[in-house]
Structure formats: structure tokens, C-alpha cells
Amino acid sequence: MLNALLPSYFLSHGGGPWPFMRDQNSGRYDKLEASLHDIARQIGVRPTAVLVVTAHWEAPELLISASPRPPMIYDYSGFPAHTYQIRYDAPGSPEVAARVKALLDGAGHPNRLDHERGFDHGTFSLMFPMYPDASMPVVQLSLKHGYDPLTHLEVGRALAPLRGEGVLIIGSGLSYHNLRQFGPAGTTASRRFDAWLRQTMRLPPAQRTAQLLDWEKAPAARQAHPQEDHLLPLMVALGAAEHEAASCVYHEDDFFGALAVSSFRFGDAAAP
């Protein structure tokens, strides 16, 4: 039986096809992988589908993946040859895609169905550790050009009813995403921004929303996110459970040996 409401998540998804590179990762992703394995336990029930708001897809209007059998998108470069052959063959869900469209239409957000879109690494890098049997239906939602935080918060508000319909909403990004300073050069900025982010999550809901919408005023904000594509999925996850408590479900200060990164859940976990 499903809970009345599933939680929503903002998850840091790591880099490229990392779950398929265990021999090359030397334990670098162990903490992140453990946190993703734990999400099914936290939820306590099996969702009917997952909606992933992915940092790796954006368009002038919101796009919703609607293929019943999504292909793969290898949206990375410089990785081992085998990572361009990997498969995550989860089904899509045209029915859930249509429901997402109806909710966005009702809230006045321009959108359309995309019947060709495949799974990018912002989706399959999370889904493989969470549901490795690839049997969970997955639908993707794009970001909207312009990166307006309020727009994406309002998208999350519009999608909130899905939580009561068995659909798990995941915003997939990375709490620190400055690829030019991805290592020791990013230590200070990542820790300053991450500390602000975790402190903000503990605020009462109205204050939390206000501060997250004004994220550019946070310490080291633009050093942590020169472009905010990997932060904006957080706004959708927040909007879907805006008045509920937030919990940090993953944090480390030594990601890639130097960086502070985190993931968050909005709403209560089902499991004890």
C-alpha cells in the first residue's frame, strides 16, 4: 500500500556514468552510492513511477519524456569505451507523462510531450543504484531556459499531487557544480555554499523558500554554481513538498577528495 504522500528529493547525481565504473572509481562514490541504495528503504513502499527533473535537459518550454521505451543518451565525453554501450532499460510511462502535462497545463506552464527523449546520465546514474532491475517506470522533465527559480518552484507546486498518486519526484543535479574548480580549488567555495544550503534547509518553510529563491546571495553562490542548471532541480523538489520538513540524506566533505556535496529529502520517510 502506498503512503498518502511520498517525499520528494533533490539528489546530487555525481559525474557521468559512475555506477558503471566501479573498477575505476576507487571508492570515490561509495558514500553517494550508499545514500541512493537507502532511498528505497526510506520510502518503504514501491512507487508506481519516478519523475526525474534532470539538470541535463532544458528547453524554451518544459518538455516531458513520453516514450514507452526510452533510449539512452551518452551525454558525456572522455569516459571508458564500455560506458557508451551501457543500458538502463527501464520503461517510460506515457500515462504518467500525460498526467504531468495535465498538471502543468492546469497551472499555466507551457509544455509539450517529447516522444523521442532518452535517459541522460542525470537520470540513469541515480536510477541504477536505486532500482538496478530497471523495472520502475521513469519519466523525465526538463528545465526551462532562463533558470528562473520561482518558475521552477511553481512547477514543483503544480506537480505536488503526483506525490499522492504514487509518483516519486526527484530533482537530479549536484549541490556543487563548478567543473573548472572540481577538486581542491573548489574546497572553500563548496563548503561555504553547502553549509549555507544545509542551514537553510532547517529553517521554517516560508523562510526556507525565501532564501532558496534568493540563492545568489548565499556565500560563494556563483563560485559553487557559475551556471545554475544543477541547482534548479532543487526548486522543483522543494515546490512539490514546500511546507514539509527537509532532511539531509547524503553529505560528504571529501567528494573527489575535496568537495562538500549534499542531497535532501522533503517530507517524511515511510520506513522507521
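How many salt bridges does a search of the whole structure find? The search finds 14. A salt bridge here is a side-chain nitrogen of Lys or Arg within 4 Å of a carboxyl oxygen of Asp or Glu.

The model is predicted: local features need pLDDT of at least 70, side-chain atom pairs count only at pLDDT 80 or more, and totals for chains, interfaces and linings use all residues. Residues are numbered from 1 along each chain as its sequence is written, and side-chain values use heavy atoms, with hydrogens and water left out.

**View 1**
Strand E1 covers residues 8–12. Helices (H or I, at least four residues) and strands (E, at least two) are DSSP runs, numbered from the N terminus. Five of the five residues in E1 are buried. Buried means under 20% relative accessible area, exposed means over 50%, and partly exposed lies in between (1.4 Å probe, protein chains only). Ser8, Phe10 and Ser12 point one way from E1. Tyr9 and Leu11 point the other way. Two strands pair if DSSP finds at least two bridges between them. E1 pairs with strand E6 (residues 167–173) in the parallel sense, over five bridges. There, Tyr9 has Ile170 of E6 as its bridge partner. E1 also joins strand E8 (residues 259–266) through three bridges, and these two run antiparallel. Phe10 stands opposite Phe264 in E8.

**View 1. The salt bridge between Asp254 and Lys31.**
Side chains of opposite charge can pair when their charged atoms come close. The side chains of Asp254 and Lys31 meet at 3.4 Å, N to O. Asp254 lies in strand E7 (residues 246–255) and Lys31 in helix H2 (residues 30–43), so the pair ties together parts that are 223 residues apart in sequence. Asp254 is partly exposed, at 39% relative accessible area. Lys31 is partly exposed too, at 45%.

**View 2. A salt-bridge network at Arg222.**
Glu216, Arg222 and Glu228 are linked in a network of salt bridges. Glu216 meets Arg222 at 2.8 Å, N to O. Glu228 also bridges to Arg222, with the closest N and O atoms 2.7 Å apart. What is the relative accessible area of Glu228, and is Glu228 buried or exposed? Glu228 has a value of 10% and is buried. Glu216 is partly exposed at 48%. Arg222 is partly exposed at 31%.

**View 3. The aromatic pair of Phe182 and Phe255.**
The structure holds 15 aromatic pairs. Rings of Phe, Tyr and Trp (its six-membered ring) pair if their centres lie within 6.5 Å; planes under 30 degrees apart count as stacked, over 60 as edge-to-face and the rest as tilted. The ring centres of Phe182 and Phe255 are 6.1 Å apart and the planes stand at 85 degrees, so this pair is edge-to-face. Phe182 lies in the loop between E6 and helix H6 (187–201), and Phe255 in strand E7, so the pair ties together parts that are 73 residues apart in sequence. Phe182 is partly exposed, at 26% relative accessible area. Phe255 is buried, at 1%.

Trp18, Tyr29, Tyr176, Phe182, Phe255 and Phe256 form one aromatic cluster. The charged end of Arg28 sits over the ring of Phe256, 4.4 Å from the ring centre. A charge sits over a ring if NZ of Lys or CZ of Arg is within 6 Å of the ring centre and within 35 degrees of the ring normal.
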